[in-house]
Amino acid sequence: MYNYLRGYFLQWNNTLSSFYRIVHSATLQPRCSQLHTVGCGAVRDKLFREYIFESLYAKDKGYFMDASKGPPLKETTSPIPFQELSGPEQYYSLVAQRYANHPNSWSTPVELFQPWYGYAIARCIQHIVEQSFDRHQLVKEWHIIEVGGGNGTLARCILQYAKQYYGAPLCNALKYHIVEVSPLFVERQRKRLLNHPSVFFHSMSILDWPETISSPCIVIFCEVLDNLPHDRVEWDDETKTWYECRIRETPEKNTSTDNNNNAIVHFPLQDKWIISTMQDWNILSENGQIAAPLHIFSTPYWLYYLQNMVDRLLSSNPCTVLYVPTVAHQVLTTIRRYFPQSHLLVADFDFLPQATRGFFAPVVQNGTKTFSSIEEAPKTTCDILFPVYFPGLSRAIQRLWNPNYIQIWKQSKFLKTYADSKHTRTKSGFNPMLSDFTNTRILFTRNYTSHNK
């Protein structure tokens, strides 16, 4: 998984071949099944978000929950000695060696560039709280809420930095919470953070958070939104109608590939969460079509429009496929309700090569094998990873929080601003922390309170 998450390095080297795959798939595959309304009968048709939730988070058997396989996030036991490496060749070779024995595992910038990446986030948090909250509040009590704490590496880095640089009043008033849905990761987090008494572990979904915290909070999502279930909708040009898609599971498998033979069935769009997400994330324009973000051709999103244009040209029954971040919207709504004095920091992918078809479509992968759709992949065995639509995320945050500032930076800009990047520079001058994972953006919110003006 690490290889394709290297981002634009792969994306731009394969632009022409990606275009060929778009054209080729459009000519060989029907764009949509016959759109029709069907009764559930003896089979319950599941919304995509329900099916994906079961695939990733079903108790004891979901992709992130299966104790027999262990957590899929690779543990980096020791930092990489970047300053001893000759250059990019040795860096990529070292990373490949580290993960050669774990083909079903993947890594993150937090793990690869520890502790420096985590220190950069900690420094940004320090700036946000000092600019956004009254210091008299902060020295009494403030919170960091990390949703999806992984191995606990980010928490450890932030707490190390806080102890050294936040100052005693701010550091002593901090309470750090990790909200983690996977018991496998909770176990790792407890071991890694054994010596940090200010950490509170919550083995639950953030959607089940039970109480209001009125003190200042920073809520972190570090590569979390990409694994939240989405819904699929389709626009039919003939009927001029949006349809919500559901998966009808069948016990039979394709005998030649051993893939599922699940079917997609279509219903007129009526799910309230899908509708509210499409509205609040500004996904649709006034005429009901997909809204193009500003400066679209300077973003990765132009590839979705290219694919859609080709599909319309080559298909006799064209429709537009769109994946909607409904669960991410539920999470934002929950955060706003229970953490009224909160600011957000989100780090995630804005584009994924090798994705399935459709706007904001996912990558569905099991180790080195990539599947062409969610419904055909063996259930509970695959990672399902979505790109984050940052313009829409920003719009939803603006509507829910109305902060003074929402900043969306490419990861390299964020790290140049907040990281001490000399520690990850190789002998040749190549800096993997600044050059790798180029398909990642970081969003953070802040206010300038009156006492800081």
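This is a predicted model: local features need pLDDT of at least 70, side-chain atom pairs count only at pLDDT 80 or more; totals for chains, interfaces and linings use all residues.
Residues are numbered from 1 along each chain as its sequence is written, and side-chain values use heavy atoms, with hydrogens and water left out.

The protein has 16 helices and 15 strands, where helices (H or I, at least four residues) and strands (E, at least two) are DSSP runs numbered from the N terminus. Of its 453 residues, 58% are buried, a term that stands for under 20% relative accessible area, with exposed meaning over 50% and partly exposed the range in between (1.4 Å probe, protein chains only).

Two packed helices are described by the angle between their axes and the distance between the axes. Here the axes are lines fitted to C-alpha atoms, for helices over the stretch in contact, and angles run from 0 to 180 degrees between N-to-C directions. Helix H13 (residues 326-338) packs with helix H14 (residues 390-401) at an angle of about 30°, the axes being 11 Å apart. H13 is therefore roughly parallel to H14, since angles under 35 degrees count as roughly parallel, over 145 as roughly antiparallel, 65 to 115 as roughly perpendicular and the rest as oblique. The contact is made on the H13 side by His-329, Leu-332, Thr-333, Ile-335 and Arg-336, and on the H14 side by Leu-393, Ala-396, Ile-397, Leu-400 and Trp-401.

H13 itself is mostly covered, with ten of its 13 residues buried, among them His-329, Leu-332 and Ile-335. At 1.5 Å a residue, the 13 residues of H13 should span 18 Å, and the 19 Å between its end C-alpha atoms agrees with this; the expected span is 1.5 Å times one less than the number of residues.

Helix H6 (residues 116-132) and helix H15 (residues 411-418) have axes that come within 9 Å and cross at roughly 75°, which means that H6 is roughly perpendicular to H15. In this contact, Tyr-117, Ala-120, Ile-121, Arg-123, Cys-124 and His-127 of H6 meet Gln-411, Phe-414, Leu-415, Thr-417 and Tyr-418 of H15.

Most residues other than glycine have a negative phi, and most peptide bonds are trans. A cis peptide bond, with omega about 0°, joins Gln-114 and Pro-115, and Pro-115 has its place in the loop between helix H5 (109-112) and H6. Lys-240, in the loop between strand E6 (231-236) and strand E7 (241-248), has a positive phi near 55°, and Lys-240 is exposed, with a relative accessible area of 56%. Phe-360 also has a positive phi, near 60°, and is found in the loop between strand E10 (342-349) and strand E11 (363-366), but Phe-360 counts as buried at 6% relative accessibility.

Notes:
Contact means heavy atoms within 4.5 Å.
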